[in-house]
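I opened my notebook today to look up a few things in one protein. Here is what I wrote down, step by step, so that you can follow along.

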Amino acid sequence: MFPLLTASKGKQQLLEQLNALSSNIGTPKNKLSIANRKGIKIINQKDIVRLEANGNCTILFYTDGTNYLDTRTLKTYENLLNENLFFRVHKSHIVNLNFVKEYSRELRPVITMTTNINIPVSRFK
């Protein structure tokens, strides 16, 4: 399970997770299987930019700009993904730390991804 960012510890937690990235690439949890109508798709976790909750489903956004709607919840993915590579920043968002470009705490905490998408950061759990 991923810790949820809070306003007081958010930046420190995020920086610690980013620093831990280099030590855990290539672990057995580096692939993920996703069932679809045609069978099972095996993907590398490093190819996922972010995940977003959509009701009881999850939208996975990939590095090639495509996305996929899966019927598993964000909580399920939270337990499947490599916790050194992914971080749950909001009740509706998990981000791949390799694609975090900026963390800002101006009016509302927000993470800007390398794809220039802004992701809200939870202030409270």
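**Entry 1: a salt bridge in a helix**

I looked up lysine 75 and glutamate 78, and their side chains meet in a salt bridge (4.0 Å, N to O). I noted the rule beside it: a salt bridge is a side-chain nitrogen of Lys or Arg within 4 Å of a carboxyl oxygen of Asp or Glu. Lysine 75 and glutamate 78 both lie in helix 2, three residues apart, which is about one turn of the helix. Helix 2 covers residues 74-80. My helices and strands are DSSP runs, numbered from the N terminus (helices are H or I, at least four residues; strands are E, at least two).

Before going on, I wrote a reminder that this is a predicted model, where local features need pLDDT of at least 70 and side-chain atom pairs count only at pLDDT 80 or more, while totals for chains, interfaces and linings use all residues. Residues are numbered from 1 along each chain as its sequence is written, and side-chain values use heavy atoms, with hydrogens and water left out.

**Entry 2: buried or exposed?**

Next I checked accessibility, using these cut-offs: buried is under 20% relative accessible area, exposed is over 50%, and partly exposed is in between (1.4 Å probe, protein chains only). Lysine 75 has 36% relative accessibility, so I listed lysine 75 as partly exposed. Glutamate 78 has 4%, so glutamate 78 went down as buried.

**Entry 3: a second partner**

Arginine 88 counts as buried because its relative accessibility is 14%.

**Entry 4: another salt bridge, and charges over rings**

How many salt bridges does a search of the whole structure find? I wrote down four. One of them joins the side chains of glutamate 52 and arginine 50 (2.9 Å, N to O). Glutamate 52 is partly exposed, with a relative accessible area of 24%, whereas arginine 50 counts as buried at 9%.

I stayed with arginine 50 and saw that its charged end sits over the ring of phenylalanine 61, 3.8 Å from the ring's centre. The charged end of lysine 41 sits over the ring of tyrosine 62, 5.1 Å from its centre. For this I used a set rule: NZ of Lys or CZ of Arg must be within 6 Å of the ring centre and within 35 degrees of the ring normal.

**Entry 5: a hairpin**

I then turned to strand 1 (residues 31-36) and strand 2 (residues 39-44), which pair in the antiparallel sense over six bridges. Two strands pair if DSSP finds at least two bridges between them. Strand 1 and strand 2 form a hairpin with two residues between them. Asparagine 36 stands opposite glycine 39 in strand 2.

In which order do the three strands of the open sheet come? I read it as 8-9-10, with antiparallel pairing. Strand 8 (100-104) and strand 10 (118-120) stand at the edges, each with a single partner strand, so one side of each is left without a neighbour in the sheet.

Strand 9 (residues 110-113) and strand 10 pair in the antiparallel sense over three bridges. Valine 110 stands opposite proline 120 in strand 10.

Isoleucine 119 is also found in strand 10. At 1% relative accessibility, isoleucine 119 counts as buried. I looked up one distance here: the C-alpha atoms of isoleucine 119 and valine 95 are separated by 8.5 Å, and the two residues are 24 apart along the chain.

**Entry 6: the whole protein**

Last, I stepped back and noted two helices and ten strands in the protein. Read along the sequence, the pattern is α-β-β-β-β-β-α-β-β-β-β-β. Buried residues make up 39% of the 125 residues.
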